[in-house]
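Colleague: I would like a close look at one part of this model, the charged side chains that pair up. Please go through them slowly.

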Amino acid sequence: MAELDAFPAPRSTRLELETDYTLSRSAIRQFAEHGFVKLKNVLSAETIAAYEPEITGKVIELNTQPEPLAERDTYGKAFLQVTNLWQDSERVLEFVSSPRLARIAAQLLGVQSVRLYHDQALYKESGGGVTPWHADQYYWPFSTDRCVTIWVPLQETPMEMGPLSFAAGSHTFEYGRDLPISDESERVLQEALAEQNFPEVSEPYELGEVSYHLGWTFHHAPPNTTGIPRRVMTIIYVDAAMTIAEPVNANQVADLAGWMPGNEPGDTISSPLNPVLY
């Protein structure tokens, strides 16, 4: 259960999370063509400052990675990953439930309504390694591609900090969809995506800039060579009418049990962990 914060976020920041963001036709078109889009000024510096300390505090509190960075495998070196922070904090619940962010997701997906799949804090530590090429939907047992992740940096993110990089148009490329995040996925997909001439878009993020990418869009991130962690909050949205597919790998079996408890293949997602957000 979420704990009630002693000091709730200022009303102005909560209001921003509830108000609409003007999404241009060109942004919607780019998302459809490239499988991702970066959007500036989605959140103000004040809103990020109101929620970042709580998110970071929960990452520190709930992190289950005990091994030193040097002793981890490639996946472990890529980032600290803490999921469904919204269940442990009223403040994070406010952020994750944002109608502003969810409405953008629905508009980009071209659906009437979206629900929460889960959230993930992805903190790339100082010295953290590369995040290998992968597609998120490898892990998700969904019947369609109407799912999207918002990537919200909680600080300015220069190239040295390891911002997300995308293979533009790769959401149409089916090769490599059976690869989990690994050294193999980095090697195989780097070569395959280059052979197919999918442009790699690798740019820094301004404060308040976010990106949305489809579940089948291939992406990766460089190491964090700065002296501070790269702090990122993500939220995964799915079409509210999404039905669950039969899992095709062990990770999808685990996702079905963990993030959609009580649901089965063929069901419309409807567990208590997956509320409609817009």
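Is K40 buried, exposed or partly exposed, and what is its relative accessible area?

Modeller: This is a predicted model. K40 is partly exposed, with a relative accessible area of 41%. Its partner is E206: the two form a salt bridge in which the closest N and O atoms are 2.9 Å apart. E206 is also partly exposed, and its relative accessible area is 41%. The pair links distant parts of the chain, 166 residues apart. K40 sits in the loop between strand 1 and helix 3, while E206 sits in the loop between strand 7 and strand 8.

A second pair is E209 and K38, whose closest N and O atoms are 3.9 Å apart. That still counts as a salt bridge because the cut-off is within 4 Å. E209 lies in the loop between strand 7 and strand 8 and K38 in strand 1, so this pair ties together parts that are 171 residues apart in sequence. Both E209 and K38 are buried.

E61 is exposed, with a relative accessible area of 51%, whereas K58 counts as buried at 7%.

Back to K40: salt bridges that share partners join K38, K40, E203, E206 and E209 into one network. The count for the model comes to eight salt bridges.

Terms used:
Residues numbered from 1 in each chain as written. Predicted model: local features only at pLDDT ≥ 70, side-chain atom pairs only at ≥ 80, totals over all residues. Heavy atoms only, no water. Salt bridge = Lys/Arg side-chain N within 4 Å of Asp/Glu carboxyl O. Helix = DSSP H or I, 4+ residues; strand = E, 2+ residues; numbered from the N terminus. Buried < 20%, exposed > 50% of the residue type's maximum accessible area, 1.4 Å probe, protein only.
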